[in-house]
Amino acid sequence: MEPWQEIRNELQAALGSAKRLDEVEQIRVRFLGRKGKITLLAKETGFSRLTPEDRRHWGSQLNSLKRWAEESIEQALAEARAREAARAAEASRARLDVTLPGIERRVGSLHPISLVQMELEDIFQGMGFMVLTGYEVETEYYNFDALNIPPDHPARDMQDTFWLDNGMILRTHTSANQVRALEEFGAPLRAIFPGRCFRYEAMDASHENTFYQLEGLLVDRDISVANLIAVMKALLGEVFHREVKVRLRPGFFPFVEPGFELDQQCPFCDGVGCSVCKQSGWIELIPCGLVHPKVLEYGRVDPTQFTGFAFGMGLTRLAMLKFGIPDIRLFNSGDLRFCEQFPVVL
Ligand code: DAH
């Protein structure tokens, strides 16, 4: 057998049984290193003694042996490297490092308006009120006319309105639900209507064009202002977790008669006077009143048989008070750092 054929067989057998990277590396040294078999074979060949024809033959055989050896070893090295990497990956997968920090899962939170709304719904449901929702896109009729606010009435100017191209409006208050509910359920009736309202307003720290109200309506026989006060006090007591002092001042709203502004003694200073209540000791909180007979009539309820009270709380305002939120624009800011601050007590 020619010497290069012998070396070729030997190298092939060696690579066939070598698995690890260092084994293949040793083979490379054994064949291609300075004293490697192929290197020596080239050196020991006395080219000068050969005929020109033999010289060409030996030369080309040696060259191709060398090239083949280099390629085979290179390939074996690559395969050994890949095997080693796979083994390392497998090992690190299998190992559990209990000292690593855990993966933190972010828990969602509820918006402060949702929190206050859910709390109020609970309280009112406990007093036998239905929770109803109406329509954010309303007709002029339910938002104004049926609430005893005719087209030329100056009270319409109190609520700057977004008008849609089709003649409908974005409701300016949740009072728009009153006559809808009376029509649908008749009397007696106890219902609250939480929801989003819209007004064409310039925004600042206490004005938003999009805000939340919670309307309430109770219609039954012999309902008086005393019932209204009792329900409002019970409600505020639960919201602020203590006995709350209230007072009524006259207020004008076309859909109630008499109408009131219900003030709460400032919960921050107990009536002494502070920046929240602007030193007055009182906070204007809930506009309310006895349902106007005309509104009952619009709702097809007989005002000689039934009376009722209604109120319209600013949910947004209540959330500001309860959580001490200084700027109304934070509510619609979409800023998670704001939303995440409020405790979920379900
Ligand atoms: N809808 C009125 C507003 O948004 C608030 C209001 C006042 C509601 C008196 C009532 C009420 O139910 O009786 O300004």
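**The ligand and its surroundings**

Around the ligand there are 16 residues, of which H173, S175, R199, Q213 and E215 come nearest; a residue is near a molecule or strand if one of its heavy atoms lies within 4 Å of it. The model is a predicted one, in which local features need pLDDT of at least 70 and side-chain atom pairs count only at pLDDT 80 or more, whereas totals for chains, interfaces and linings use all residues. Residues are numbered from 1 along each chain as its sequence is written, and side-chain values use heavy atoms, with hydrogens and water left out.

By class, the shell around the ligand consists of seven nonpolar, seven polar and two charged residues. Here Ala, Val, Leu, Ile, Met, Phe, Trp, Tyr, Cys and Pro count as nonpolar, Asp, Glu, Lys and Arg as charged, and the others, Gly among them, as polar. Strand 5 (210–220), strand 8 (282–291) and strand 9 (307–314) each supply at least two residues of this shell; strands (E, at least two residues) and helices (H or I, at least four residues) are DSSP runs, numbered from the N terminus.

An N or O atom in the side chain of Q178 is 3.4 Å from a ligand oxygen, and a backbone N or O atom of A310 lies 3.2 Å from a ligand oxygen. For F311, a polar backbone atom is 3.3 Å from an oxygen atom of the ligand. Taken alone, the ligand exposes 350 Å², and the protein buries 94% of that (Shrake-Rupley method, 1.4 Å probe; for residues, only the protein chains shown count as cover).

**Helix 2**

Helix 2 (residues 21–32) contains V24, I27 and F31, which are buried; buried means under 20% relative accessible area, exposed over 50%, and partly exposed in between (1.4 Å probe, protein chains only). These three residues lie on the same side of helix 2 because they cover an arc of only 55° around the axis, the arc being that of the directions from the helix axis to the C-beta atoms.

**Points along the backbone**

Most residues other than glycine have a negative phi, and most peptide bonds are trans. The peptide bond from A187 to P188, however, is cis, with omega near -5°, and a cis peptide bond also joins E257 and P258. Q279 has a positive phi, near 65°, and is exposed, with a relative accessible area of 55%. R300 likewise has a positive phi, near 60°, and is exposed at 64%.

Terms used
A polar contact is a pair of N or O atoms within 3.5 Å; within protein, one must be able to donate a hydrogen and the other to accept it, and residues adjacent in sequence count only if both atoms are side-chain atoms.
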